[in-house]
Amino acid sequence: MPEIIVKFDDRVIERIVTEKKRITIGRTNDNDVVLENRGVSRKHAMIEFNNNAAVIIDNESLNGTFVNNRKITEEVLRDEDVITIGKYSLVYHTESKAPAEGMASMDGTMVLNTRQQKSLIENDRLERQIVAKFGGSVLIGEENVDFSEFKLDRDVTTIGKAKFVHVKAKGMFLAGIQAKIVKETDGYCLTNLGKEGRTKVNGEAIDSCILKNGDLIEVGRSIFKFVEGE
Amino acid sequence: MRLALISDIHANLEALEAVLRDIETADVEKIHCLGDVIGYGCDPVACLRLVQDHCEIKLMGNHEYAALGLLPPSQMNNLARESMEWTVQAITDQEIAIMAEFEMDATTAGVYLVHASPCQPDSWPYILSETEARQAFPCFSQKITFFGHTHLPMVFSLTSGDFLRGRVGHDLDVDDDVQTRYLINIGSVGQPRDVDPRACYVVFDGEEGSVTYRRVEYDIKATQAKMVRAQLPQQLIERLEVGR
């Protein structure tokens with residue numbers, strides 16, 4: 001039986017093994033695979049199975065369906081193909097690899113739900129609410145930060161210990177302007193300006209990088225979470 | 001406290017070296033730099049290193065701000081933008097890290113220091129007229145502000161009775177009257193624009209209450225020859241010998 005692994009932010013949240021001839025994918029609850037994310041249309045796409053072949057069909061969704069990063073309208077799936085819909089990725093396997101224990105049978109669709117998945121999606125929902133409230137991308141203060149949310153509405157946002165920067169960071173040996181976040185056409189770019197090694201993203205020191213939703217930015221002892229807006 | 005105050009070096013190494021030699025004879029305790037170490041000229045790296053080594057307070061100028069990528073190119077004039085494109089190619093992460101430490105303003109020895117204006121230090125307005133100076137006086141509380149940015153040595157004084165006067169930069173003894181306040185432009189080391197091509201800086205003596213402008217000759221031809229080799233805009237090269 002074919003299998004589909006559903007991932008959110010690269011974390012597996014669901015494994016689907018089905019005998020159905022067709023599964024529907026979308027944001028609303030009447031779909032076989034429900035993807036709760038604003039980048040997903042209500043009836044986003046479907047996968048049809050016949051004679052050991054699987055075909056994914058995009059249902060004229062707003063943000064598109066991608067197979068191996070290529071936008072498609074209809075595409076025959078091969079083993080290990082990665083379907084991207086919104087922030088989700090779905091990995092297609094022609095045969096189920098290892099039926100996990102504890103999977104519940106549900107109308108022919110095997111679903112694995114975890115508490116982590118729920119909290120992941122709940123977090124996402126909260127972050128979406130914040131982004132909607134601020135009307136754009138925001139930094140969420142996590143540690144040693146004097147704000148809870150900071151809207152990234154400037155072309156350039158400076159981070160450091162000088163009194164004139166937009167976002168204050170704490171820590172010894174930080175430069176006045178240790179880092180900057182520049183709004184570019186394809187997203188937000190974080191660049192270290194002060195001495196190297198004092199700006200990190202998800203624990204890794206960076207010179208410059210395009211921020212992804214959920215990235216944890218560390219400048220000195222201060223930690224911010226980047227949440228991408230519309 | 002006797003201070004040497006320098007500003008607007010603009011990557012002119014010969015002018016900066018000449019000024020630093022002159023400062024050695026001026027019996028000062030500290031040197032402070034009011035920004036724009038780079039831009040226009042062809043020695044940004046050497047000038048930044050010298051300023052880093054010799055100056056205690058180092059303020060951000062709009063050219064440093066631009067080199068750090070914090071000032072949109074649309075907010076610069078064509079010559080500044082063209083030379084900034086050259087400058088960012090010439091500097092490394094080390095120079096970026098030096099500039100990232102520069103402060104936007106400072107208060108020291110009872111005086112306020114800023115590159116462009118005490119009102120909005122990071123939006124770089126020009127204070128050229130008495131009207132602009134009048135708007136700037138309420139933005140600082142000290143008796144004296146020293147600033148740069150316009151490359152024009154100027155002394156604006158506000159005396160009792162709200163009497164404001166702007167004059168071309170001149171030596172002065174600070175008036176003891178508590179109501180008298182000053183906005184003093186210290187001129188430019190590396191690109192003077194007051195029709196005197198000599199490098200310009202100021203010595204401030206806090207005890208004596210004196211402000212002295214010093215003009216220093218330097219090898220303009222040598223600077224120009226290097227700028228020609230660096231293929232910097234002709235207008236930037238020519239203006240050095242006429243000082244405007």
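**Figure 1. Contact of helices H7 and H8 in chain B of the predicted model****.** From H7(B), the residues B:Ile220, B:Lys221, B:Thr223, B:Gln224, B:Met227 and B:Val228 take part in this contact. Their partners in H8(B) are B:Leu236, B:Ile237, B:Glu238, B:Leu240 and B:Glu241. By class, the residues of the contact comprise six nonpolar, two polar and three charged.

**Figure 2. Geometry of the H7(B) and H8(B) pair****.** Two packed helices are described by the angle between their axes and by the distance between those axes. Helix H7 of chain B covers residues 220-229, and helix H8 of chain B covers residues 234-242. Their packing angle is about 175°, and their axes lie 9 Å apart. Angles over 145 degrees count as roughly antiparallel; H7(B) and H8(B) are therefore roughly antiparallel to each other.

**Figure 3. The interface of chain A and chain B****.** In this interface, 13 residues of chain A are in contact with 13 residues of chain B. The size of an interface is often given as the accessible area lost when the parts come together. Between chain A and chain B the buried area is about 1,100 Å², and carbon and sulfur atoms give 57% of this area. A:Phe164, A:Ile177 and A:Leu193 supply 45% of the area that chain A buries against chain B, more than any other three residues.

**Figure 4. Salt bridge and polar contacts between chain A and chain B****.** One salt bridge is found across the interface. It joins A:Lys163 to B:Asp105, with the closest N and O atoms 3.1 Å apart. On the side of chain A that touches chain B, seven residues are nonpolar, three are polar and three are charged.

**Figure 5. Surroundings of A:Asp155****.** A:Asp155 is placed in the loop between strand S15 (149-151) and strand S16 (156-160) of chain A. Apart from neighbours within four places in sequence, A:Asp155 is in contact with A:Ile181, A:Val182 and A:Lys183. A:Arg221 is 66 residues from A:Asp155 along the chain, and the C-alpha atoms of these two residues are separated by 25 Å.

Methods: Residues are numbered from 1 along each chain as its sequence is written. Chains are lettered from A and ligands numbered from 1 in the order in which they are written. This is a predicted model: local features need pLDDT of at least 70, side-chain atom pairs count only at pLDDT 80 or more; totals for chains, interfaces and linings use all residues. Side-chain values use heavy atoms; hydrogens and water are left out. Contact means heavy atoms within 4.5 Å. Buried area is the accessible area (1.4 Å probe) that two parts lose on being put together, summed over both. A salt bridge is a side-chain nitrogen of Lys or Arg within 4 Å of a carboxyl oxygen of Asp or Glu. A polar contact is a pair of N or O atoms within 3.5 Å; within protein, one must be able to donate a hydrogen and the other to accept it, and residues adjacent in sequence count only if both atoms are side-chain atoms. Ala, Val, Leu, Ile, Met, Phe, Trp, Tyr, Cys and Pro count as nonpolar, Asp, Glu, Lys and Arg as charged, and the others, Gly among them, as polar. Axes are lines fitted to C-alpha atoms, for helices over the stretch in contact, and angles run from 0 to 180 degrees between N-to-C directions. Helices (H or I, at least four residues) and strands (E, at least two) are DSSP runs, numbered from the N terminus. Angles under 35 degrees count as roughly parallel, over 145 as roughly antiparallel, 65 to 115 as roughly perpendicular and the rest as oblique.
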